[in-house]
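Please keep the sequence and the structure at hand while reading.

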Amino acid sequence: MRTAFFVSSILLILTCTAGSSQPDHLLDVNSFEKKLKNTPDRILLDVRTEAEYSKGHFPNVILIDIRKSTFKGEVSKLNKSTPVFVYCASGIRSEKAVEIMKALGFQEIYELEGGFHEWVAAGKPFVED
């Protein structure tokens, strides 16, 4: 009887927390677009390579390649109290960038879920060099 109660309790806890696994800073394409449009004072950060950037990017974006050894130093120069919107190609590098930026004291960070690939796949506008 106790075992059944224990198992039921664990399952209830797991069920209640299962839907909350997505971080609150991670936004799908439409939410990212809406939040970006409604935040006039912001920083838009692309953490991809220059080659990726040249094939397509957001307008008025700051490019700081997370793979470069200077990433932390360059990001540290940005205003930590201004909301930052960050993206990469698929979401892996931007996730790492968010971790670094949080450790550096950035207060408000939004990450594009699925990265620039998802943005393009959704038919959203971008610019090419």
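A residue counts as buried with under 20% relative accessible area, as exposed with over 50%, and as partly exposed in between, with a 1.4 Å probe and protein chains only. The model is predicted, and local features need pLDDT of at least 70 and side-chain atom pairs count only at pLDDT 80 or more, while totals for chains, interfaces and linings use all residues. Residues are numbered from 1 along each chain as its sequence is written, and side-chain values use heavy atoms, with hydrogens and water left out.

**Overall build**
- The protein has six helices and five strands, which are DSSP runs numbered from the N terminus (helices are H or I with at least four residues, strands are E with at least two).
- Along the sequence these elements follow the pattern α-β-α-β-α-β-α-β-α-β-α.
- Of the 129 residues in the protein, 39% are buried.

**Aromatic rings**
- Nine aromatic pairs occur in the structure, where rings of Phe, Tyr and Trp (its six-membered ring) pair if their centres lie within 6.5 Å, and planes under 30 degrees apart count as stacked, over 60 as edge-to-face and the rest as tilted.
- One of these is the edge-to-face pair of Phe 32 and Phe 85, with 5.5 Å from centre to centre and 85° between the planes.
- That pair links distant parts of the chain, since Phe 32 belongs to helix 2 and Phe 85 to strand 4 (residues 84–87), 53 residues apart.
- Phe 32 is buried because its relative accessible area is 0%, and Phe 85 likewise counts as buried because its relative accessibility is 0%.
- Phe 85 also lies 5.9 Å from Ile 109, C-alpha to C-alpha, although 24 residues separate them in sequence.
- Ring pairs join Phe 32, Phe 58, Phe 85, Tyr 87, Tyr 110, Phe 116, Trp 119 and Phe 126 into a cluster.

**Arg 48 and its contacts**
- Arg 48 is placed in the loop between strand 2 (43–46) and helix 3 (50–55), and it counts as buried because its relative accessibility is 4%.
- The charged end of Arg 48 sits over the ring of Phe 116, 4.5 Å from its centre; the term requires NZ of Lys or CZ of Arg within 6 Å of the ring centre and within 35 degrees of the ring normal.
- The side chain of Arg 48 makes a polar contact of 2.8 Å with the side chain of Asp 46, a polar contact being a pair of N or O atoms within 3.5 Å in which, within protein, one must be able to donate a hydrogen and the other to accept it, and residues adjacent in sequence count only if both atoms are side-chain atoms.
- A polar atom of the Arg 48 side chain also lies 2.6 Å from the backbone oxygen of Gly 56.

**Asn 60**
- Asn 60 lies in the loop between helix 3 and strand 3 (62–63), and it is exposed because its relative accessible area is 72%.
- Although Asn 60 is not a glycine, it has a positive phi of about 55°.
- Most residues other than glycine have a negative phi.
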